[in-house]
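Here is a short tour for someone meeting this model for the first time. Look over the sequence and the fold, then read on.

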Amino acid sequence: MKTAFIINPAAGRGRTERIWSKLRTDLPPGINAGEPYLTSGPGDAEKLAARLSQGGYRQIFVFGGDGTVNEVLNGLQLNGTALGIVPTGTGNDLCRTLGVAKNPEEALRQLARGKIKMVDMGLINGRRFLNAVGTGFDAEVVRVTNEQFRRLRGMPAYLASLVKVLATYRSREITVETGDAEFTGKLLLAAVGNGRYIGGGLRMFPHARVDDGVFQVVLVGDVAKTQFIMSFPKIFSGTHLSHPRVSSFTASKLVIKGDHTLAVQVDGEIILHPPLEIELVPKALPVLVP
């Protein structure tokens, strides 16, 4: 099978380049004939994915984090080319949902003998995503992580940013509309999950599945800081949904409106601002899983 590798050497604070240099000489049987393509800056992965999926490659392995995967997703021609994700980035939250090993070498071995799973894909204002979208506090934490804690990876980076943002952030007026209901009020955050995790392993969407045809939507109301600090540990196990200020429901289509200065994170990258039109496309993408 014609295979390519898209490698983002800058992903994981530069960790990906070292990992690829080590693994490229001892790739598992079945994928060792793949051709490597290294990105050199933002947008490269998207362009490469478009060219390679048009050029007859039936498998594309991505070495990077959720942001790199998002770029590749937005370049792919949806023509049956399967995506394999090797977690070498900062968060790697989608891989957790897919059951892919944290260790890149083990992940490669898993995917080499794995299977194809058709997964749902999200659209946000026409742009594709696979894992999660959030606005409000969550997105502000992601923004600070990306801009100010570049030497940390995974959950430590997210938690350091969370502490900093918590000191100054205030709930904002946000409107969420679905086909069945509408809510307007002060929210700490509004988040939409196709996968289960954000922030390097926080189980924000414990009931989400990548192939069930719906998003899990989580709204967190205007929570006092003391309550937030006391309740936050529950997000590690996904039991935060029991908090009286947290609402959760499923939807396949929704609109989120709010102040245009609100940050929005899409698969761990800050790229949009409200209003947001979000829609699920069921079983749109073949992905390699263990």
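With which residue does Lys 117 form a salt bridge? The partner is Asp 211, and the closest N and O atoms are 3.1 Å apart. Keep in mind that this is a predicted model.

**Salt bridges**

Lys 117 sits in strand S5 (residues 115-124), and Asp 211 sits in the loop between S9 and strand S10 (215-221). The pair therefore ties together parts that are 94 residues apart in sequence. Lys 117 is partly exposed, at 27% relative accessibility. Asp 211 is buried, with a relative accessible area of 18%. The cut-off for buried is under 20%.

The structure holds eleven salt bridges.

| Salt bridge | N to O distance |
|---|---|
| Lys 117 and Asp 211 | 3.1 Å |
| Arg 109 and Glu 106 | 2.7 Å |
| Arg 143 and Glu 147 | 2.7 Å |

Side chains of opposite charge can pair when their charged atoms come close.

Arg 109 and Glu 106 both belong to helix H5 (residues 104-112). They are three residues apart, so about one helical turn separates them. Arg 109 is partly exposed, with a relative accessible area of 34%. Glu 106 is partly exposed too, at 23%.

Arg 143 and Glu 147 lie in helix H6 (residues 137-148). Arg 143 counts as partly exposed, at 25% relative accessibility.

Some salt bridges share partners. In this way Glu 105, Glu 106, Arg 109 and Arg 113 join into one network.

**Helix H5**

Which residues of H5 are buried? They are Pro 104, Ala 107, Leu 108, Gln 110 and Leu 111. Seen down the axis of H5, these buried residues fall within an arc of 160°, so they line one face of the helix. They pack against helix H1 (15-23), strand S3 (59-64), strand S4 (82-87) and strand S15 (276-289). At the start of H5, a side-chain oxygen of Asn 103 comes within 3.0 Å of the backbone nitrogen of Glu 105.

How many of the seven residues of S10 are buried? Seven of its seven are, and S10 is mostly covered. In a regular strand the side chains alternate between the two faces of the sheet. Both faces of S10 are covered. Phe 215, Val 217, Leu 219 and Gly 221 are buried on one side. Gln 216, Val 218 and Val 220 are buried on the other.

S10 pairs with two strands named here. S9 and S10 run antiparallel, over six bridges. Within that pairing, Gly 193 has Gln 216 of S10 as its bridge partner. S10 and strand S11 (residues 246-251) are also antiparallel, again over six bridges. Val 220 has Val 246 of S11 as its bridge partner.

**The nonpolar cores**

The largest nonpolar core has 48 residues. Ile 124, Phe 137, Leu 254, Ile 256 and Ile 278 touch the most other members. Strand S9 (residues 182-193) gives the most to this core, with six residues. Apart from it lies another core, of 42 residues, among them Tyr 57, Ile 60, Val 86 and Val 289. In soluble globular proteins, nonpolar side chains tend to be buried together.

Beyond four places in sequence, its contacts include Leu 123, Ile 124, Phe 129, Val 192 and Phe 215. Leu 254 and Ile 256 are also among them.

**Two single residues**

Is Asn 131 buried or exposed? Asn 131 is buried, with a relative accessible area of 3%. Its place is the loop between strand S6 (127-129) and strand S7 (132-136). A polar atom of its side chain lies 3.0 Å from the backbone oxygen of Tyr 197. Beyond four places in sequence, Asn 131 touches residues including Asp 93, Leu 94, Gly 193, Tyr 197 and Asp 267.

Lys 2 is found in the segment before strand S1 (3-7). Lys 2 counts as partly exposed, at 40% relative accessibility. Lys 2 and Gly 56 are 54 residues apart in sequence. In space their C-alpha atoms are 7.1 Å apart. Lys 2 also touches Gly 56, and its other contacts beyond four places in sequence include Gly 55, Tyr 57 and Arg 58.

Note on methods: Residues numbered from 1 in each chain as written. Predicted model: local features only at pLDDT ≥ 70, side-chain atom pairs only at ≥ 80, totals over all residues. Heavy atoms only, no water. Helix = DSSP H or I, 4+ residues; strand = E, 2+ residues; numbered from the N terminus. Buried < 20%, exposed > 50% of the residue type's maximum accessible area, 1.4 Å probe, protein only. Polar contact = N/O pair within 3.5 Å; in protein donor to acceptor, adjacent residues only side chain to side chain. Contact = heavy atoms within 4.5 Å. Core = buried A, V, L, I, M, F, W, Y, C linked by side-chain atoms within 4.5 Å. Salt bridge = Lys/Arg side-chain N within 4 Å of Asp/Glu carboxyl O. Arc of directions from axis to C-beta. Pairing = 2+ DSSP bridges.
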